There are 2 protein chains.
Amino acid sequence: MAYPLIDAGRVWNRLMALAEIGALSQGGVNRQALTLGEAEAWRLILDWARPLGFEPSTDAAGNLFLTLPGEDRSLPPVVAGSHIDTQPTGGKFDGAAGVLTAFEAAETLAAAGVPRGRDLVVVAWMNEEGSRFAPGMTGSEAFSATRPLAEIRARTDLAGITMGAELDRLHASFPDVPRRPLGFPVGAYVELHIEQGPVLEAQGKEIGIVTGMQGKRTFRITITGAEGHAGTLAMAERRDAIAAFGRMVVELNRQVGAHDALIKFTIGRVQVEPNAPSVIPGKVTFSIDMRHPDNAVLELLAERIRTICTAEAAPCAVTLDLLVNEPSNDFSPVLQQAIGAAAERHGYGAMPILSYAGHDSRHLAKRAPAAMIFIPCRDGISHAEAEWSEPAHVAAGAQVLCDVLADLLASSEMPSA
Amino acid sequence: MAYPLIDAGRVWNRLMALAEIGALSQGGVNRQALTLGEAEAWRLILDWARPLGFEPSTDAAGNLFLTLPGEDRSLPPVVAGSHIDTQPTGGKFDGAAGVLTAFEAAETLAAAGVPRGRDLVVVAWMNEEGSRFAPGMTGSEAFSATRPLAEIRARTDLAGITMGAELDRLHASFPDVPRRPLGFPVGAYVELHIEQGPVLEAQGKEIGIVTGMQGKRTFRITITGAEGHAGTLAMAERRDAIAAFGRMVVELNRQVGAHDALIKFTIGRVQVEPNAPSVIPGKVTFSIDMRHPDNAVLELLAERIRTICTAEAAPCAVTLDLLVNEPSNDFSPVLQQAIGAAAERHGYGAMPILSYAGHDSRHLAKRAPAAMIFIPCRDGISHAEAEWSEPAHVAAGAQVLCDVLADLLASSEMPSA
């Protein structure tokens, strides 16, 4: 079988062009889900896709699909992609690299006349980052029936706007992109992503063959105290929600955040009410993001979080809501093998690696054989403006992805999960 | 000398009418400085004042003056009032009671034909609360030349709007209120306010003769860490601004907030950046409000705040800005005596009391003999929707204020500070 070569300059130029939408002053990108910037990014990608014969479509969750039709359109398609939304101070590569290398691979395969036994779909999942509408991965969660769409639509941003209202606005502004039902059958799913860690760079490898993904739990914690005047209410009579929050932060970092070398523990969002300098805070709401490859450790530490928050709250009250509970998972061994073979074919260094970040592939893996390809990023930095991947690494990832998609399109049987 | 009686129903009805502007669902008021609500409150008060012969005027700091002209207009006027802005979840009485009892006293004196040797001015100082534009008391600070107007105008709210722009908008929307120069000479200043503490209620007294005001220091503290991905960056490699903030909160509450029974220590405002659930916070900015009647203790604890924040910041960086540094002060003994005599005249229980809250009178006391009258508030609650004063206590306060203003208007010499 012949494997056509991708165009390294073309995929890089598209990445840089996309990064101009929402560009920040330090090289980063702010293009959050369901903002005008994301709609502008859709328009740019659609402008590239339509002349090449891609059929655009979307679904009720706001996912964007670009389909190259195959011979038997009744077969579950091969799907590849990632997301194009970013963190508020995100980078050029997280998400966008996965969508645009899939696009590059699809264009390369089409131009080379590689036969497609079934449809090939490039996808941009809606709201992977979850920064405006938390938590994230709503597109792949809805697609995989992990979470009901109605629950997702009801979520609000900090201004009180529902995600449902913004999804309706998005659809209304793309009347020429047809709607397809949510959650069609998928033959196989492959996602390229920057590693978001320092391992590949340190080991001098171009390609990470992702073996699985660490588990994740997220919580929303609400501390309720009592407002009062900062100048008059005696300290002994206060129920200060910030004082309770401070105690929780210290104990949680000590007893959960320092559990072992693999734990990742983050308090990323904090809202204080009424948040005025001379008013004792009556309410603090904060987020916990906890990840670990071992599901038993996650279970143990989730219990510990409850114990600590309850113990440190007094004289305030506290409630805990578990928002996300995703166990760790393993990716398809057959697809891992195909990624390794492709890397070897082109002389790229490759190694198995665990994904510490969560990705849409977590949810696709519930519905289809799934795999991930990692490429290095400088100093392991992501979710920050300084995020960077070398052009040669983007090209290597696109080539490996192209080879794996060619393998899948040539098979009449999809691999097992 | 005859002392006319105020109209208890009239002052109460005006208080309730004013509280409808910015009314909240639990009985409170949100009418922050330089909002449309405050402009509406100006309009209501001006509608009451003009038919009674008050001359309205304003100054560059946005203070509102209502003058009843006296015989010799070249003499420094007698001034009474407070403020009409509120906290985001404030009450009906904090500030408004001082302005509307002064208004009631002035109307009563005018109707009774009490001679005015000099002008009598009712004042509403701009932005006492400092919740939208922090810190507060900008109107009385500018009036008393405590702080340059240019510095006040440059301050921004959370949306980045400058206070100067909003002051210009306020003035533009009241073209019929003439501008007077900032900081005219004042003969004497009297301010009525709810106690914002539980003492008068517990002692069963209607009137507090305020002896002085505790000192206050406020700080803005900025912790700078580094953003990073919540799922990938190892705990040991993080510079998490929230983790440093938690340590500071615990140590500050322990070493400063628990210093003695008189200390008041509050962290009221916290801003986290980028404030997204799956991003390690790179920056936390927070406020400290510290008050104590002993200036030496304030000095000692300010040093301790610097020491703690510096010690707990690592591996983050920290900067501290001292925004307010107001020592404790004493009010005019002659005016305190006049307040006590008025209470006795009408059979009200009165007692000396220290003010734990800051008030505009702090700044007026630098320019003129000044005094404060406290009335009880239920359970000592203020800066909260549950704030409440009994109609009988508002009436008692208005009557005492009316008597003291009558004394001042009858004197050719103003008392010493």
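The charged end of Lys264(B) lies over the ring of Tyr356(B), at 4.2 Å from its centre. That of Arg345(B) lies over the ring of Tyr3(B), 3.8 Å from the ring centre. The model is predicted, and local features need pLDDT of at least 70, side-chain atom pairs count only at pLDDT 80 or more, and totals for chains, interfaces and linings use all residues. Residues are numbered from 1 along each chain as its sequence is written, chains are lettered from A and ligands numbered from 1 in the order in which they are written, and side-chain values use heavy atoms, without hydrogens and water.

Over all chains, 25 aromatic pairs were found (rings of Phe, Tyr and Trp, the last by its six-membered ring, with centres within 6.5 Å; planes under 30 degrees apart are stacked, over 60 edge-to-face, the rest tilted). The ring centres of Phe245(A) and Phe286(A) are 4.9 Å apart with planes at 65°, so this pair is edge-to-face. Phe245(A) belongs to helix 8 (residues 241-255) and Phe286(A) to strand 12 (residues 283-292) of chain A, 41 residues apart (DSSP runs numbered from the N terminus: helices, H or I, at least four residues; strands, E, at least two). Both Phe245(A) and Phe286(A) are buried (under 20% relative accessible area, 1.4 Å probe, protein chains only; exposed is over 50%, partly exposed in between).

In chain A, ring pairs also join Phe65(A), Trp125(A), Phe143(A), Phe184(A) and Tyr189(A) into a cluster.

How values were computed: A charge sits over a ring if NZ of Lys or CZ of Arg is within 6 Å of the ring centre and within 35 degrees of the ring normal.
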